[in-house]
Amino acid sequence: MSSFEEGNPCDIPMETVLAALGGVFPDIREGDVEFIYHGTYNVFDVKGEWIFRFPDSSLLNEDGHELIRYEHEVLQVIGPKISLDVPRFEYISEDPELPFAGYRKIPGVSLSTCFDRTTKDSREAMAERLGGFLSELHSPEVYEAYSGRWPAEFTGERFKEYWEGYYALIQERVSPELNDNQRGWVKTLFSDYLGDDENFAFEPRVVHGDFDTSNIIVDPETLDVRGIIDFEETGLWDPAADLLFFGEGADFIDMVMEAYTQPTGPNLEGRMRFLYNRVPLIYVSTGLELDYKEMVEAGLDMLKARMNIG
């Protein structure tokens, strides 16, 4: 979760949320509902025991309903093959004009809220759990289970074509918002990545797709990893996408990789850095598409930070 999601206000009326939750909890009161953050979903803590998610206002339609159904089915398919706790949806709205889902809260807090007070020992312990989780998720067994439910022909060639098309979109939509230095940096980012065929020689695997410290739940006292949340972006992809802990430091990435048992494919670090550095462009592009000025600004700020890192 970026600072944008952390500071992004709820974009649906609380009256709407309470009315919807009233169908689940007839005794619900406003004090029972705490807004947490707004990304793809407006996320609420309900009665201290439940998490309910209502899609962004742009997805209060059949698209949002389908997004929830997909995540629910994904978790049913991969959940039994994962040793850490993952959400289990117990409430799913049947109203396509007001989709939402609820599940029992995994006890703990997001690692993003407490990573700065971790010790070397606690980081080693959590890295071992996370490397083990990713080894399970990226395993051939999960790939086969997922492909059996959502068959698709995923090849390196098609992956390259996807990024070629995405770069064309960035040039058309985002480049006019950038200065010369930023445009040059983006051009180098994509040309270096697309120009190396080794970047597309990996074995595709099922990835979480948004695997960062905000979606890792830990015990606030012991810092033990309890579970993983937010699987709406799960799909077949380059497994490097789930290893982007650059913000937590190279040492932490090395610790995770020590516990990771799946093949990495060629040029792993180069693939990781591209996937990490392209993130600001997603914010700018999506913000422009949806006319979210704050999202565009957040993406531009993120881009400046990534350029400074190199």
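How many bridges join strand 1 (residues 33-38) and strand 2 (residues 41-46), and in which sense do the two strands pair? They pair in the antiparallel sense, over 5 bridges. This is a predicted model: local features need pLDDT of at least 70, side-chain atom pairs count only at pLDDT 80 or more, and totals for chains, interfaces and linings use all residues. Residues are numbered from 1 along each chain as its sequence is written, and side-chain values use heavy atoms, with hydrogens and water left out.

**View 1. Strand 1 and strand 2 form a hairpin.** There are 2 residues between the strands. Phe35 stands opposite Phe44 of strand 2. Strands are DSSP runs of E with at least two residues, helices are runs of H or I with at least four, and both are numbered from the N terminus. Two strands pair if DSSP finds at least two bridges between them. Strands of a sheet pair through backbone hydrogen bonds, either parallel or antiparallel.

View 2. Strand 8 (residues 216-218) joins strand 9 over 3 bridges, in the antiparallel sense. Here Ile216 stands opposite Ile228 of strand 9.

View 3. Axes are lines fitted to C-alpha atoms, for helices over the stretch in contact (heavy atoms within 4.5 Å). Angles run from 0 to 180 degrees between N-to-C directions.

**View 4. Helix 10 packs with helix 11.** Helix 10 (residues 279-290) meets helix 11 (residues 293-309) at an angle of about 160°, and their axes are 7 Å apart. That makes the two helices roughly antiparallel (angles over 145 degrees). Helix 10 contributes Val279, Pro280, Tyr283, Val284, Thr286, Gly287 and Leu288 to the contact. Among the residues from helix 11 are Met295, Gly299 and Arg306.

**View 5. Asp230 forms a salt bridge with Arg53.** Their closest N and O atoms are 3.1 Å apart. A salt bridge is a side-chain nitrogen of Lys or Arg within 4 Å of a carboxyl oxygen of Asp or Glu. Asp230 lies in the loop between strand 9 and strand 10 (235-237), and Arg53 in strand 3 (residues 50-55), so the pair ties together parts 177 residues apart in sequence. By this rule, the count comes to 18 salt bridges.

Note on methods
Parallel < 35°, antiparallel > 145°, perpendicular 65-115°, else oblique.
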